[in-house]
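Open the model in your viewer and keep the sequence panel beside it. This tour tells you what to select at each stop and what you will find there.

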Amino acid sequence: MNTCFNSAASVLASVGRQLGETEWMQISQQRIDQFADATGDHQWIHVDPEKASSGPFGACVAHGYLTLSLANLFLPQLVAYEGLKMGVNYGCDKVRFPSPVLVNSWIRGSGEVVGATPMGDNGVQVTVRITVQVRDQDKPGCVVETISRLFFQ
């Protein structure tokens with residue numbers, strides 16, 4: 001855990017703060033296949049290694065939405081909240097997939113607090129930009145601005 005906030009005021013004061021990076025994790029074909037099963041997206045570029053080897057990426061690639069969904073895994077590794085009465089995911093802004101994530105790639109998340117707005121006495125809406133970095137690639141696999149609403153005791 002890199003950063004811990006304990007009040008709406010501490011979140012509001014954190015705009016512009018870098019939240020660090022998570023540990024690296026590998027994107028396996030099994031994870032891609034499980035995502036394909038969960039979403040019904042069995043396009044060959046994701047689930048057919050033989051056909052994908054002669055396709056545009058030279059191997060299977062993770063679904064963009066799989067890469068996006070990992071923001072939900074990375075966010076609590078980057079930030080924690082003490083004294084939180086309730087927190088909800090409110091949505092996302094500015095989702096982009098600058099580079100494909102090939103099967104067996106190693107990825108990690110990095111974060112930055114890019115916005116915060118007060119909500120009542122003890123609440124705050126916070127926007128955290130999560131960048132999904134791909135090892136040995138210049139461009140990230142995904143950049144997303146996550147929006148959370150937090151209410152402290």
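Begin by selecting Arg129 and Glu145, which form a salt bridge whose closest N and O atoms are 3.4 Å apart. Keep in mind that this is a predicted model. The pair links distant parts of the chain, with Arg129 in strand E7 (residues 123–134) and Glu145 in strand E8 (residues 142–152), 16 residues apart. Is Glu145 buried or exposed? Glu145 counts as buried because its relative accessibility is 10%, and the cut-off for buried is under 20%. Arg129 counts as partly exposed, because its relative accessibility is 27%.

With Glu112, Arg129 and Glu145 on screen together, you are looking at a network of salt bridges. Side chains of opposite charge can pair when their charged atoms come close.

How many salt bridges does a search of the whole structure find? It finds three. To see another of them, select Glu21 and Arg108, where the closest N and O atoms are 3.2 Å apart. Glu21 sits in strand E2 (residues 18–21) and Arg108 in strand E6 (residues 106–119), so the pair links distant parts of the chain, 87 residues apart. Glu21 is partly exposed, since its relative accessible area is 40%. Arg108, with a relative accessible area of 18%, is buried.

Next, select Tyr90, which is found in strand E5 (residues 84–96). Tyr90 is partly exposed, because its relative accessible area is 48%. Now show what surrounds this residue. Which residues does Tyr90 contact, leaving aside its neighbours within four places in sequence? They are Gln125, Ile147, Ser148 and Arg149. Pick out Arg149 from this list: its side chain is joined to that of Tyr90 by a polar contact of 3.3 Å. Then pick out Gln125, which is 35 residues from Tyr90 along the chain, with a separation of 8.5 Å between the C-alpha atoms of the two.

An α-helix has 3.6 residues a turn, so residues three or four places apart point the same way.

The protein chain has six helices and eight strands. Trace them along the sequence and the pattern reads β-α-β-β-α-α-α-α-α-β-β-β-β-β. The C-alpha trace spans about 55 × 30 × 25 Å along its principal axes.

Of the 153 residues in the chain, 41% are buried. Among contacts with a separation of 6 or more, 71% are between residues 24 or more positions apart.

Conventions. Residues are numbered from 1 along each chain as its sequence is written. This is a predicted model: local features need pLDDT of at least 70, side-chain atom pairs count only at pLDDT 80 or more; totals for chains, interfaces and linings use all residues. Side-chain values use heavy atoms; hydrogens and water are left out. Helices (H or I, at least four residues) and strands (E, at least two) are DSSP runs, numbered from the N terminus. Buried means under 20% relative accessible area, exposed over 50%, partly exposed in between (1.4 Å probe, protein chains only). Contact means heavy atoms within 4.5 Å. A polar contact is a pair of N or O atoms within 3.5 Å; within protein, one must be able to donate a hydrogen and the other to accept it, and residues adjacent in sequence count only if both atoms are side-chain atoms. A salt bridge is a side-chain nitrogen of Lys or Arg within 4 Å of a carboxyl oxygen of Asp or Glu.
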